[in-house]
Amino acid sequence: MDERRAQIAEDLHDLLGGECFFDPIRRAAYRCDSGLYEIEPLGAVCPRHEDELRALVRYAADQGLALHPRGAGVGPSGGALGPGIVVDLSTHFRSIDLRDGLVVAGAGATLAAIDRRLRPLGLRLPIDPPKSSVATIGGVIAEDAVGPRSLRAGSIADHLVSARALLASGESLTLTPVEPPPENAEPVTTAEDIARRLRVVASWHGEALARSARRQTALGPATVFGYRHDALANPARIDLLRLACGSRGTLFFLTEATLRTEPLPAAVSAALLPFARLVEAADAAASVLASRPALCTLIDGRVLSLAREVDPRLRDSIPLTAEGALLVGLEGDDPRTVADRARRLVDRLTHDGLLLGEPIELHDPLQANQLLQLRDAIEPPLMRNAGPERPIAPVGPFQIPLVSLPSLVIRLQNALRRWELSGLIEANAGLGRGGLLAFVNPANPADLNRLIHLAEEIATIVADLGGLIATPPGTPGPAWLRAVPADSLQLDREIKFALDPRGLLNPARVLATESPQPADLRPTPTPAQLDRLVLTDQTGTLHLRWIDGDRASHLAACNNCGTCRTSDPLQRICPVFRASRLEPDSPRGKLETLRQIASGTIDPRAWGDDELRLQSESCVHCKLCRLECPSGVDVSALMLEARAAYVANHGLTPEDWLLSRIDAWSAWASRLPDLFNALTGSRPLRWLLERAFGLSRHRHLPPAARRSFLHRIRRLAIARPQLLESGPRVAYFLDFCTNHFDVELAESVVAVLSHLGVNVYVPPGQQGAGMPALIAGDLDRAREQLEANLRILSSAVRDGYTIVCSEPSALLLFRLEATRLTDNLDAHLVAANILDVSQYIHGLISRGFAPPPHQPVHARVGYHQPCHQRALQIGTPSLDLLRTIPGLDVEFIDRGCSGMAGTYGLSARHYRDSLRAGRPLLTRLREPDLSLGTTDCTACRMQMEQGSAKRTIHPIKLLALAYGLNPALRRHLTDPKPRYRLSS
């Protein structure tokens, strides 16, 4: 770290209580947004409240530092980038309050979070801009965002009631329309002073304001570049609130906004209108708009092709020859009226002979809304495009007069052909708002060169058609300058000077004289660069084997879309980010760090060093990024290699050494259970463990069993393969927790399987699966344990046994990780023949090979599905099994990760974050209508009992009780959970 940056970092750490990132590893996440370009910031700061933000602004003014406000960083136009200090408001400014039909939200609150609060009340925000699942309200206002429904609802500016902002001077201000004081009167408030200055600007630039108003009328409800000049249209009433919309962080720090809501529509109809060519669909848009739809979206043939793949209902309904379509939505209060309007529209277009084949009409609100969200549905297959090409936006959004939409389509198609690129053209046909994605290989310099030329040509096309375009950083040239009217640019600079005379906030977005701020294309490392980084002499054979693509293809697949920042309770991606809300902890933030180390932007010596190890700890190997990321990027595997590099260079830390050998001290615990239980039950000794090994003294641990399950059965028949016995054969893999702590679970599994006529074999000599060692980066130990287990389990498979496992983490290791850890062919054999025990039993029952449970269990339980079971994509077998138990009322608590994340929640450093990550689940579990919790994962069970006063047990125990196999299990339904100790 250079001397100046180090001094600023030290000053801000002393001045602020919020997070400050000035080291290369943590600030790397703030170098880019969803666009093509990156700019290295001086550092990044996450202020916790307005007082800290005010202190930061005043410090920056004293030091002459530029500040760059940032929300979710999901825009492609570089508004959140800059060489100064990036100020991330998405981490802490996330409050949401509802008042009399209004919503008051902090700048960092996401639209999706607001929608989740409003929907149960029958309300919604009127607009639905792109990336609404992760976009923050501050970013939406700064971009003056529009969405498909903006055809009727306008932009966000039309629904703002007021906003709270911080000026570049550090003063707080409520943004509303303000009447400037008379010419000879002194302003009383800061707002009046600003309004007076802006009135002077308006008087100097009257002609420019008139031309801007005409341009605004021609382009529709929102522009995509420059300030909202209509805020100055009436000199007697300067609208500071409207001026904030589209200001892109150059005038204020928006900290809070109050917005109007609207009732959810009682009736929704949707129609997909296919056309032979995309230009024909664009040409028909004007006719469709006569029906006053709520939205009208132009989609091209590639989207239609993907739609056939993701929605079976559309497979036979969309003609294969259709190269374009209009997706139309109509809303209203009366279902019959709305459906009738939709039918008349379809009948008119059909009668005129404009359509290719039969249109799709849906009048059920649920089905209609699903169709209207077609673009979101095709996002994953679009991003997982086969081959090295990725969909990349060469420019930000652009807007043209609606009458020019057909011309725009033709010229964009010609431009793609000219530069030998394939692409996807889409537009909000009601607004003339367009966008383009080009498919290029980001690691190929020739492709990137063509993409830059395409961007220049798009700017020329938009300028020729009288439109405007969002200007990304790093794109100088006459085409971009032609797309920015000179009089508007000068007017914007005067407005900027009136509010921020020092040019403190995002200065290059407005004040650049010849071209936008300098920027570089975001680097994409080659396979050779990544392999040189990972496969060094230091790490030897500690790396993973990549089967589903190489490291570089996974790294290049991330397009920084920001979907991994979602807080949707029905998704699980990145529980650590959900707890911290810090950009460096997000999957894309971690990938950005690796990308820059591999490409040399960050010193490659950081690979395997302390700072990268600390960041890699924010990946808990839940494997859900691979499943829920639209591009299918396996972030966890890349971060495992980063941790392994540290272990190879420096060895294990005391904490990691303890946690990676948790199976070994578990074996010791079951040999000396009284001593272990006394140690873990003693507060002073738990404090010593925390000081010595980092094991949280607050974490409740399960009591060790008197003898391990394998020791108990060593003389029984189930410890030997019974090859002459009849019935299906099952070999049971326990993993260390079941063997040494939850012996009752192992007994229940064996009892249920035996009761169902299964020939059960519990192989002796089996070890822990090795997941703790794998997560700690101790790949050598994980391999040793894996190889030992493979020798035992592969022999059982060859003897005709199917392997079952009651621990999802162990199952995931054998299914997904074993073939990456070793080239032993037995790994493939075992992976193909291992099942979750609930999956196996439910299969027997559903196929009629075994009777369902018959004894009622009267309880209301909350079931949590572990992340590792979810990552296996095997459905919810335990939930399905629980629902076969008579008398049992089961609720699927689908509210994200428990937060325990294996050994992550055992650490003192991560204990509170783990509870924070599991808060939605634990909150529901504490509610009095649930009598106990149930889950398949031992670690999740620990967290669920830690966070509530209720017992949590494995589903198989409830099943054993329902089969009448172990009446003693009924104590779990009645006995209170022990305090400060997990129930046995």
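User: Which side chains meet in a salt bridge at 2.8 Å, N to O?

Analyst: The general idea is that side chains of opposite charge can pair when their charged atoms come close. In this predicted model, the side chain of Glu 617 forms a salt bridge with that of Arg 909, at 2.8 Å from N to O.

User: Where do Glu 617 and Arg 909 lie in the chain?

Analyst: Glu 617 belongs to the loop between α26 (610-616) and α27 (624-628), and Arg 909 to the loop between β30 (888-892) and α43 (911-917). The pair therefore ties together parts that are 292 residues apart in sequence.

User: Is Glu 617 buried or exposed?

Analyst: Glu 617 has a relative accessible area of 4%, so this residue is buried.

User: How many salt bridges does a search of the whole structure find?

Analyst: The search finds 67 salt bridges. One of them joins the side chains of Arg 152 and Glu 262, at 3.0 Å from N to O. This pair links distant parts of the chain, 110 residues apart: Arg 152 is in helix α6 (residues 150-153), and Glu 262 is in strand β14 (residues 262-263). Arg 152 is partly exposed at 43% relative accessible area, whereas Glu 262 counts as buried at 13%.

User: Why are Arg 450 and Asp 447 separated by about one helical turn?

Analyst: They are separated in this way because they stand 3 residues apart in helix α18 (residues 445-464). Arg 450 and Asp 447 form a salt bridge in which the closest N and O atoms are 2.5 Å apart. Arg 450 is partly exposed, with a relative accessible area of 22%, while Asp 447, at 7%, counts as buried.

User: With which residues is Phe 733 in contact, leaving aside its neighbours within four places in sequence?

Analyst: Among them are Gln 766, Gly 768, Asn 789, Leu 793, Ile 803, Cys 805, Ala 810 and Phe 814.

User: Which residues make a nonpolar surface patch?

Analyst: Trp 668, Leu 672 and Leu 675 make such a patch, of about 260 Å². Leu 672 is found in the loop between α30 (662-671) and α31 (673-681). With a relative accessible area of 39%, Leu 672 is partly exposed.

User: What pLDDT does the protein average?

Analyst: The pLDDT expresses the predictor's confidence in each residue, from 0 to 100. The protein averages 89, and 96% of the residues score at least 70. Over residues 513-517, however, the pLDDT stays under 50, and the model has 16 contacts beyond four places in sequence for this stretch. The pLDDT is also below 50 over residues 537-541, a stretch with 6 contacts in the model beyond near neighbours in sequence.

Technical notes: Residues numbered from 1 in each chain as written. Predicted model: local features only at pLDDT ≥ 70, side-chain atom pairs only at ≥ 80, totals over all residues. Heavy atoms only, no water. Contact = heavy atoms within 4.5 Å. Patch = residues over 30% accessible without salt bridge, like charges linked within 9 Å, V, L, I, M, F, W, Y side chains within 5 Å. Areas by Shrake-Rupley, 256 points an atom, 1.4 Å probe, with all protein chains shown as cover. Salt bridge = Lys/Arg side-chain N within 4 Å of Asp/Glu carboxyl O. Helix = DSSP H or I, 4+ residues; strand = E, 2+ residues; numbered from the N terminus. Buried < 20%, exposed > 50% of the residue type's maximum accessible area, 1.4 Å probe, protein only.
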